[in-house]
Each structure stands twice: as C-alpha cells, then as structure tokens.
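Dear colleague,

Please find below the structure that I am handing over to you. My notes on it follow directly after.

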Amino acid sequence: MQLKVQPIDIKVGKYKVVMNIIDAKEIGVNEGDRVRIRDHKVLTAIVDFTEDMIAPGMIGLYHEVQEQLKKEWTETVEVEPAEKPKSARIIRKVMDGNRLERDEIYELIKDIVEENLSDIELAAFLTATYIKDLSEDETEWLTKAMIDTGERIEFATTPIMDKHSIGGVPGNKISLLIVPIVAANGLLIPKTSSRAITGAGGTADLMEILAPVEFTAQQIKEMTEKVGGVIVWGGATNIAPADDKLIRIEYPLSIDPHCQLLASIMAKKGAVGAQKVVMDIPTGAGTKIPDVKTGRKLARDLINLGERLGMDVDCALTYGASPVGRTVGPALEVIEALQVLETMEGPNSLIEKSAVLAGMLLEMGGVAAKGQGHDLAIETLKNGKAFAKLKEIIEIQGGDPNVTYRDIKVGQYTAELKAPTNGYVLEFHNKRIVQIARLAGAPNDKGAGVRIHKKRGEAVKAGQPVLTIYAEKEDKLADAIKNAREDLPIVVEGMLLERVADVKEL
C-alpha cells in the first residue's frame with residue numbers, strides 16, 4: 001500500500017508509526033503488529049491505530065522513523081505487513097520458564113537496542129524474569145550481550161577502578177569524595193553515574209552543579225587518562241544501551257528482576273573497562289536490601305558474576321537506615337561534600353563511609369597494604385590531595401576549579417519542622433525525607449532539598465528544628481511543608497501522635 005507521509009515530531013524511543021484503522025484493516029495488521037516501510041531504505045516499525053488523527057491514505061511517522069528515512073511529508077512510502085522479530089518468540093520461551101541459549105540472549109538484546117520490540121513485549125520479558133530468575137549462565141550471557149551491543153572504553157594501563165552503590169539511601173554523595181581520593185593516589189577511576197529516578201539527587205545531578213557531565217565514551221577515556229578520574233552521566237554515552245531501555249520499562253512496573261539488577265550493574269562496569277570494583281550494599285529499613293542476609297546473597301552473586309566477567313569485585317554491607325550525612329538534595333549535598341574535602345569538617349557518617357569504601361579500592365589497586373586503605377584515604381582527605389584532585393576533575397570537565405562550598409547556592413525559600421517536645425528521635429523515615437525533598441523541587445531544582453538537624457537517637461528540645469526544607473519556588477515549599485506536617489518523617493519520644501476523646505472515635 002502506498003501512503004503519504006505525515007511527520008509526528010514526538011520522540012517515543014522506538015520505531016513506531018500511526019495508521020488510520022481503515023488502512024490497517026486493508027493490509028491486515030492489528031495494533032502492536034509490525035509493518036515494513038520501504039523507500040530507498042527498509043525499516044520495520046510498530047503500529048499504533050487512530051480513527052481521526054491520521055486520515056486514510058496517510059501514515060504518521062514518529063521522530064525516530066523520520067530520522068531513519070529522511071522523508072518529507074509530501075512524499076510517499078510503501079507499507080506492507082512484517083513478521084514479529086525472532087526475539088518476540090524468545091520472550092515467549094522465557095515466559096514458559098524454558099532456558100535460553102547464548103545466541104538467543106544476544107538476539108534479544110540486539111533487538112532491544114535496535115528498538116524492534118514493543119513496550120508490552122519488554123514488560124513481558126521483565127515480568128517473566130522477575131517471577132523466575134535467569135540461571136547464572138543466562139545472567140552472564142545477558143551481561144556480556146549488554147556490554148557487546150554498546151560502546152566500550154579500553155585503557156592501555158591497569159588496573160581500572162570503579163565503585164557502585166545499590167542505592168536506596170538518601171544523601172549518598174560519597175562518590176564526590178571517593179573518586180578524588182582514589183585518583184589522587186595514582187589509580188584510574190572513570191566513574192559513570194546515574195541521575196535520580198525516584199531519589200532526590202543522583203551523583204550525576206550533584207556533579208552537574210560543579211561541571212558538565214555529558215560526554216562521549218572517547219572523551220571519558222581521554223579525561224580519565226589525563227587526570228585519573230571523572231564523574232559523568234552514563235546516560236549521555238552509548239554504554240550498555242539495552243540497560244537504559246529496560247530500566248525505562250521497570251520503573252512504572254516497580255520491579256527490578258534479580259538477574260537484571262546484576263546485569264545492569266556489571267554491564268556498565270564492564271563497558272568502562274573496570275577491573276577492580278567495590279560494591280556498596282546499604283541494608284536496613286527503607287533501603288532496597290532489607291536485611292544483612294539478603295545483602296550477603298546479593299554480594300555473593302555480584303562477586304560470582306564478576307569472576308565470570310574477569311572482574312575482581314569486593315562488596316561492603318553498609319548501614320542504610322539513615323541518610324549519609326545531614327543533607328538531601330543536589331546543592332545541599334555538594335556543599336556538604338566540598339566542606340569535607342576543603343576543611344575535613346562534616347558528618348562522621350559521610351567521612352567514614354567514604355574512607356572505608358575508598359580504602360577498599362586503594363587496597364585492591366595495590367597502593368595500600370591490606371588493612372591500611374582506610375588510613376590512607378583519611379590522610380588523602382586531610383592533606384588536601386583529594387580536594388586538589390577534585391579541582392582537576394572539575395576543570396577537565398569544563399567547570400570552575402576554584403569553586404568552594406561557600407559558592408554553591410541553595411533555594412531561597414525555607415521552612416523549619418520543629419520538635420513539639422523534649423526527647424529523643426525514635427523514628428526516622430528515609431523515604432519520607434526523599435519525598436519531601438522531591439516535593440520541594442529536587443532534583444530538577446538543584447537548590448531544593450532537606451537539611452537534617454537531628455537523626456535517630458539524638459536528643460532534641462521542644463522548639464528545636466529537626467528539619468529545614470529548602471525550595472527555589474514558593475509554591476513548591478508550601479507543598480513540601482503541607483506533606484511533612486500531614487505525615488511526620490521524624491518521631492520524637494513523647495510526641496503526641498493522636499488524641500481520642502470519645503470511644504466512638506475508635
């Protein structure tokens with residue numbers, strides 16, 4: 001069928017077209033089927049239906065299809081039904097609980113990268129692996145396929161260091177300390193980081209306050225070789241692109257299959273050439289890993305997968321039931337990290353966690369004897385070498401190397417949440433702290449967030465602030481205050497939770 005082209009200037013992340021239902025029935029395709037589009041090129045796209053947006057005799061091409069075909073709306077294309085890709089049948093095999101072969105997993109990941117699968121098909125794959133985990137062999141092949149279908153960074157020198165946090169803990173700004181500590185001791189650490197999805201600030205969101213974070217794989221390699229380390233956004237590269245596409249589907253489903261969690265972490269590390277990796281696994285209430293037993297299993301699986309990939313992995317189970325430091329939100333966290341680097345003044349939780357994990361990397365990299373890494377990390381902070389190295393990293397990424405913590409601006413609108421009685425902080429809800437920071441505008445509004453004055457177990461007097469909320473916009477501050485008061489994120493011993501005056505109220 002010959003159809004005139006109507007451009008639809010919307011990016012959908014896939015090759016998709018919109019057909020009038022009359023034309024679709026004429027050539028025998030249903031919604032979600034594929035059509036082959038021919039002009040000087042041939043492209044397969046997924047079909048959406050419409051009764052009125054696209055007139056009969058026309059075909060709507062989303063941005064990605066237009067980019068491939070380079071057609072103007074006045075021109076026509078030939079449209080015919082196309083078979084589903086082989087990987088659609090592979091997904092059905094996963095759903096049936098059958099084992100996949102190596103070449104099948106490579107075929108599946110290739111089609112994910114090339115946008116040949118619909119969101120429904122990807123959701124089916126993720127749901128099936130969530131219900132029944134892939135085997136160790138399948139997870140290894142999945143990880144290798146993710147690495148091989150994207151860009152890779154290869155360094156001439158060794159070892160290449162890296163660290164990763166499983167996440168789930170607010171205020172986890174430790175990469176801003178760990179990367180310069182490790183690089184200041186002569187090791188290479190190309191740290192690719194994420195932006196916040198459900199949190200109040202990913203490492204890339206924080207670093208973006210100090211310098212640009214979007215670079216190609218080649219630029220990351222060159223910068224790392226020059227100054228020893230970088231802190232960049234992994235999403236700006238084509239490193240393990242299948243992972244980003246799967247995460248996009250996982251988010252609305254609120255699932256994270258175990259095999260996909262392992263592959264996601266290790267593919268990104270393998271693609272940047274990492275050879276020695278430290279995994280931070282926060283455990284405790286409110287984290288992704290509820291207890292030490294679960295954390296130990298994850299650690300074993302990460303170490304085993306690392307061995308299969310030729311990677312040396314060490315894991316640290318860390319306390320995650322309380323924020324790292326006393327700030328949540330990009331600008332506030334950057335201030336806290338810079339203050340430690342500049343003056344060694346700051347929360348002990350931030351300094352100690354950073355020093356422990358950096359120390360593990362220093363030992364793995366051979367620049368510190370076993371058991372001496374922590375002390376070397378602390379010394380690197382105290383003598384100013386870590387701060388000097390961070391300045392080099394900021395400068396090579398295009399930021400101002402003379403920036404200090406006093407230069408960082410926070411939201412001008414503030415409000416305090418005060419303790420109504422004397423006592424001690426009994427409960428501290430991480431997820432609520434993050435929710436309040438996000439309502440205040442974080443991470444998009446870099447100056448928005450929460451400063452924590454009192455943590456669990458600390459004494460507080462009536463009228464003392466327990467939290468300060470920062471916002472760049474007055475209406476967002478009002479939303480955050482309202483939410484905080486409706487469901488208090490911190491409970492102080494002796495606080496009146498509810499007054500009941502009549503049995504009928506029960």
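Helices, as named here, are DSSP runs of at least four residues of type H or I, numbered from the N terminus. In that numbering, aspartate 148 belongs to helix H6. Please note that this is a predicted model. Aspartate 148 has a relative accessible area of 41% and therefore counts as partly exposed. Its C-alpha atom is separated by 37 Å from that of leucine 376, a residue 228 positions away along the chain.

Helix packing

Two packed helices are described by the angle between their axes and the distance between the axes. For helix H7 (residues 175-184) and helix H16 (residues 385-396), the angle is about 100° and the axes are 8 Å apart. Angles of 65 to 115 degrees count as roughly perpendicular, and H7 and H16 are therefore roughly perpendicular to each other. On the H7 side, the contact is made by Leu176, Val179, Pro180, Ile181, Ala183 and Ala184. H16 contributes Lys385, Ala386, Lys389, Leu390 and Ile393. Sorted by class, the contact of H7 with H16 comprises nine nonpolar and two charged residues, with no polar ones.

The buried residues of H10 are Pro241, Ala242, Asp243, Leu246, Ile249 and Glu250. These buried residues pack against helix H4 (102-113), helix H5 (119-131), H6 and helix H11 (258-271).

A buried serine

Is serine 87 buried or exposed? Serine 87, which is found in helix H3 (residues 86-95), has a relative accessibility of 0% and so counts as buried. When its neighbours within four places in sequence are left aside, serine 87 is in contact with Glu107, Leu108, Asp111 and Leu117.

Backbone features

Most residues other than glycine have a negative phi, and most peptide bonds are trans. Several places in this model may be read against that background.

Alanine 240 is not a glycine, yet has a positive phi of about 45°. With a relative accessible area of 22%, methionine 344 is partly exposed.

Which residues are joined by a cis peptide bond with omega about 0°? They are alanine 442 and proline 443. Proline 443 is found in the loop between helix H17 (430-439) and strand S15 (449-452). The peptide bond from threonine 158 to proline 159 is likewise cis, with omega near -5°. Proline 159 is located in the loop between helix H6 (136-148) and strand S7 (161-165).

Aromatic rings

A pair of aromatic rings is described by the distance of the centres and the angle of the planes. With a limit of 6.5 Å between ring centres, the count of aromatic pairs comes to zero. A ring does, however, take part in a contact of another kind: the charged end of arginine 195 sits over the ring of tryptophan 233, 4.6 Å from the ring centre.

With kind regards

Note on methods:
Residues are numbered from 1 along each chain as its sequence is written. This is a predicted model: local features need pLDDT of at least 70, side-chain atom pairs count only at pLDDT 80 or more; totals for chains, interfaces and linings use all residues. Side-chain values use heavy atoms; hydrogens and water are left out. Axes are lines fitted to C-alpha atoms, for helices over the stretch in contact, and angles run from 0 to 180 degrees between N-to-C directions. Helices (H or I, at least four residues) and strands (E, at least two) are DSSP runs, numbered from the N terminus. Angles under 35 degrees count as roughly parallel, over 145 as roughly antiparallel, 65 to 115 as roughly perpendicular and the rest as oblique. Contact means heavy atoms within 4.5 Å. Ala, Val, Leu, Ile, Met, Phe, Trp, Tyr, Cys and Pro count as nonpolar, Asp, Glu, Lys and Arg as charged, and the others, Gly among them, as polar. Rings of Phe, Tyr and Trp (its six-membered ring) pair if their centres lie within 6.5 Å; planes under 30 degrees apart count as stacked, over 60 as edge-to-face and the rest as tilted. A charge sits over a ring if NZ of Lys or CZ of Arg is within 6 Å of the ring centre and within 35 degrees of the ring normal. Buried means under 20% relative accessible area, exposed over 50%, partly exposed in between (1.4 Å probe, protein chains only).
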